[in-house]
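We will look at each stop together before moving on.

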Amino acid sequence: MADSSDRHPPTLFSPYKMNRFNLSHRVVLAPMTRCRAINGIPQPGNVVYYTQRATEGGFLITEGTLISPTAAGFPHCPGIYTEEQVEAWKKVVDAVHAKGSIIFCQLWHVGRASNQVYQPGGTAAPISSTDKPISGRWRILMPNGTYGTYPRPRRLTASEIPEIVGHYRQAAINAIQAGFDGIEIHGAHGYLIDQFLKDGINDRTDEYGGTFSNRCRFLLEVTRSVSSAIGPGRVGVRISPAIDHLDAHDSNPFDLGFAVVARLNELQRELTESLAYLHVTQPRYTAYGQTESGRAGDEVEAGRMVQAWRAAFKGTFMCSGGYTRELGMEAVENGDADLVSYGRLFISNPDLTQRFKADAELTRYVRGTFYTHDPVVGYTDYPFLGVAKKTGVVAKPRL
């Protein structure tokens, strides 16, 4: 809830109490895959990157962090399942804490959005709720920089699912050991948990398929297990019911969102403490930069859905997905969100919060360097306010 001393509608720059955490503003670093953790180990460049974006009382969420050796779908994504990874993350967390920021680790399993080359031994099929592959409309980034097709996944049996839940639980414990303030469960964007939630993917006939209750079961089992391990107040959940990324369609996204919200509310009552937050992505764009239909009416309808889910959720509500400064201000002032997370704008503007406060010009991002492995170029070399970058232009970005 907002600071009770506020006498005016809150803004992006108002303080906020997120369960046990006191935030000085509401501009959040969104999770973004950057492919700079060589061989799954956070590097010195990762320390610099996150520290650049840390502010006193700010809130950062890491890029998707792999919970197990089977979880990868991009090259050089960090993990949190080995001792070496935990020790490397400690350096990131310590540096961020030294600047006064709060940082959560996003726990990630891509499910069928993988390829045999990313699996142990290099030959196994990726796991999923289904054995249907992602369509040829989508391409996977391979370790050599080329793009390939998604293979047919292996459908998990019901008896295997508790082991995967256990991987999330242990990853959460490892994250706390690394010093993180909490974790975010990645249940969005067509990855493993979303593959159970969406009926356009989930074609199961057992207790994990069919009804809303069954399709929500895996997410709830993960959330309950992780919450019991580290405390609900250290757990955030991200969902995207209305986004079709990686063929993640649902026939009724509005009611799916309500089903998730209702079950998370029930879980919070069961656990007697609120979750840290619910994080919902607006379907303004996919990984390719735009919604599939591009129709303005669809965007308005999606906004209405998110507003309804926000009204129903009992706790902190965070929005993301194509927000500008103006849209973020509007969302907070109208009560449509407590927090707003920013992705691409934060890539090219490490001091995004300061720039927003000053309503200053923004540096354009270079999409071609989003997923390279260079520890500096396109990663830590974007300028701060008032500092020119030799290869960049300071201007309002195209969104």
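A residue is called buried when its relative accessible area is under 20%, exposed when that area is over 50%, and partly exposed in between, using a 1.4 Å probe and protein chains only. This is a predicted model, in which local features need pLDDT of at least 70 and side-chain atom pairs count only at pLDDT 80 or more, while totals for chains, interfaces and linings use all residues. Residues are numbered from 1 along each chain as its sequence is written, and side-chain values use heavy atoms, with hydrogens and water left out.

**Stop 1: a loop residue**

Select Cys 35. You will find Cys 35 in the loop between β3 (27-29) and α1. Helices (H or I, at least four residues) and strands (E, at least two) are DSSP runs, numbered from the N terminus. Is Cys 35 buried or exposed? Cys 35 counts as buried, because its relative accessibility is 0%. Now look at its backbone: Cys 35 has a positive phi of about 60° although it is not a glycine. Most residues other than glycine have a negative phi.

**Stop 2: another positive phi**

Next, select Leu 246, in the loop between β11 and α6 (253-271). The phi of Leu 246 is positive, about 60°, and this residue is not a glycine. Leu 246 has a relative accessible area of 3%, so it is buried.

**Stop 3: the barrel**

Color the strands and follow them around. A closed barrel of eight strands runs β3-β4-β5-β10-β11-β12-β13-β14, with parallel pairing. Two strands pair if DSSP finds at least two bridges between them. From one strand to the next, the twist averages 25°. For such values, axes are lines fitted to C-alpha atoms, for helices over the stretch in contact, and angles run from 0 to 180 degrees between N-to-C directions.

Start with strand β4 (residues 59-66), which pairs with β5 in the parallel sense over six bridges. Show Phe 59 and you will see Ile 102 in β5 opposite.

Move on to strand β10 (residues 182-187). How many of its six residues are buried? Six of the six are, and the strand is mostly covered. On one side you can pick out Gly 182, Glu 184 and His 186, and on the other Ile 183, Ile 185 and Gly 187. Strand β5 (residues 102-108) joins β10 through four bridges, and the two run parallel. Here Leu 107 stands opposite Ile 185 in β10. Five bridges link β10 to strand β11 (residues 235-239), again running parallel. Click on Glu 184 to find its bridge partner in β11, Gly 236.

Now jump to strand β14 (residues 339-342). Both of its faces are covered, with Leu 339 and Ser 341 buried on one side and Val 340 and Tyr 342 buried on the other. β3 pairs with β14 in the parallel sense over three bridges, and Val 28 stands opposite Ser 341 in β14. Strand β13 (residues 317-320) runs parallel to β14 and is joined to it by two bridges. Look there for Cys 319, opposite Val 340 in β14.

**Stop 4: two helix pairs**

Select helix α1 (residues 44-52) and helix α2 (residues 83-98). They pack at an angle of about 25°, with their axes 9 Å apart. The two helices are therefore roughly parallel to each other; angles under 35 degrees count as roughly parallel, over 145 as roughly antiparallel, 65 to 115 as roughly perpendicular and the rest as oblique. Which residues of α1 meet α2? They are Asn 46, Val 47, Tyr 50 and Thr 51, and they meet Trp 89, Lys 91, Val 92, Ala 95 and Val 96 in α2. Contact means heavy atoms within 4.5 Å.

Then select helix α3 (residues 161-177) and helix α5 (residues 212-230). Their axes come within 9 Å and cross at roughly 35°. Show the side chains of the α3 contact residues, including Ile 161, Tyr 168 and Ile 176, and those on the α5 side, among them Phe 218, Val 222 and Ile 230.

Finally, select Val 376, in the segment after α10 (352-358). Val 376 counts as partly exposed, because its relative accessibility is 41%.
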